[in-house]
Amino acid sequence: MVGPYTLPKLPYAYDALEPSISKEIMELHHSKHHQAYVTNLNKALEASAAALSQGKLHDSAAQLSAIRFNGGGHINHSLFWENLAPASSPDAAEPNATAPKLLAAIDATWGGLDKFQAAFGAALLGIQGSGWGWLVREAATGQLRIVTLANQEAVVAGSEIPILGVDMWEHAYYLLYKNDKASYIKNIWQVINWRTAEARFVGQRDDAFRALKTQAII
């Protein structure tokens, strides 16, 4: 059986992203919501493997929906935590210094960081219900694209490298922003880890490629 998977540790304290994201949100989001995806993914994988070992193909296949949903949740959140950083950190505060190649590509594609952020924000606000927005790099062409995905659909499909993502499930923002999604989107740019985004863009971050490998289970 593949797994078991475990909840990754955060690279910062629960209160490190305040005021953009509150300590209460981070505690619940990481220790409860993400943990639930990991727990339920492992349960579904175990049930599927047990059924398969008994030759019960129908029962094994019945776990695929839970594996896809919880596996996607685990992949997306694992990437999400790493693409955030405290606003006081150079990783978040100095994109020109920490992500020069990515910003050059953003400028070539959208005409500047401000225009990219506006386009990304519009895409996020266009999500109906729960989902995610991602900046991805096409593996074959190197081109940047903004994609939105419903629920916990995994960001990677074998041909796209995740650069940075924003969680648009209510549990990511509602305790602080209520229904004001626009303010959440505006403020999250203060805690984006541009150093991580740059490393993913140039192919130096293993987490983006581990996500591609993990995608094989879902």
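Reply: Happy to! Let's start with Asn-42, which sits in helix α1, the run from residue 23 to residue 53. Please keep in mind that this is a predicted model. Is Asn-42 buried or exposed? Its relative accessibility is 15%, and because the cut-off for buried is under 20%, Asn-42 counts as buried. Leaving aside residues up to four places away in sequence, Asn-42 touches Pro-4 and Tyr-5.

An unreviewed UniProt entry places the feature "domain: Manganese/iron superoxide dismutase N-terminal" at residues 5-85. Over residues 5-85, the model has 68% helix and 0% strand, with the end C-alpha atoms 24 Å apart. In the segment before α1 you will find Pro-19. The peptide bond joining Glu-18 and Pro-19 is cis, with omega at about 5 degrees.

Which residues of β1 lie on each side? On one side are Gly-131, Gly-133, Leu-135 and Arg-137, and on the other are Trp-132, Trp-134, Val-136 and Glu-138. Every one of these is buried, so both faces of β1 are covered.

β1 also has two pairing partners to follow. With β2, the strands run antiparallel and are joined by 7 bridges. Within that pairing, Trp-134 has Val-147 of β2 as its bridge partner. The hairpin of β1 and β2 has 5 residues between the strands, and there Gly-142 takes a positive phi near 80 degrees. With β3, β1 pairs in the antiparallel sense, again over 7 bridges. Here Leu-135 stands opposite Leu-164 in β3.

Asn-151 belongs to the loop between β2 (144-150) and β3 (160-167). Its phi is positive, about 50 degrees, although Asn-151 is not a glycine. At 40% relative accessibility, Asn-151 counts as partly exposed. Lys-178 is in the loop between α8 (174-177) and α9 (181-188). Lys-178 is not a glycine either, yet it has a positive phi of about 55 degrees. With a relative accessibility of 44%, Lys-178 counts as partly exposed.

Last come the aromatic rings. What describes a pair of them? The distance of the centres and the angle of the planes do. The structure holds 12 aromatic pairs. One of them is Trp-189 with Trp-194, at 6.2 Å centre to centre and 15 degrees between the planes. That pair is stacked because planes under 30 degrees apart count as such. Both Trp-189 and Trp-194 are buried. These two residues also belong to one aromatic cluster together with Trp-110, Phe-116 and Phe-120.

Technical notes: Residues are numbered from 1 along each chain as its sequence is written. This is a predicted model: local features need pLDDT of at least 70, side-chain atom pairs count only at pLDDT 80 or more; totals for chains, interfaces and linings use all residues. Side-chain values use heavy atoms; hydrogens and water are left out. UniProt positions are given in the numbering used here, feature names are shortened, and annotations may be inferred rather than shown by experiment. Helices (H or I, at least four residues) and strands (E, at least two) are DSSP runs, numbered from the N terminus. Buried means under 20% relative accessible area, exposed over 50%, partly exposed in between (1.4 Å probe, protein chains only). Contact means heavy atoms within 4.5 Å. Two strands pair if DSSP finds at least two bridges between them. Rings of Phe, Tyr and Trp (its six-membered ring) pair if their centres lie within 6.5 Å; planes under 30 degrees apart count as stacked, over 60 as edge-to-face and the rest as tilted.
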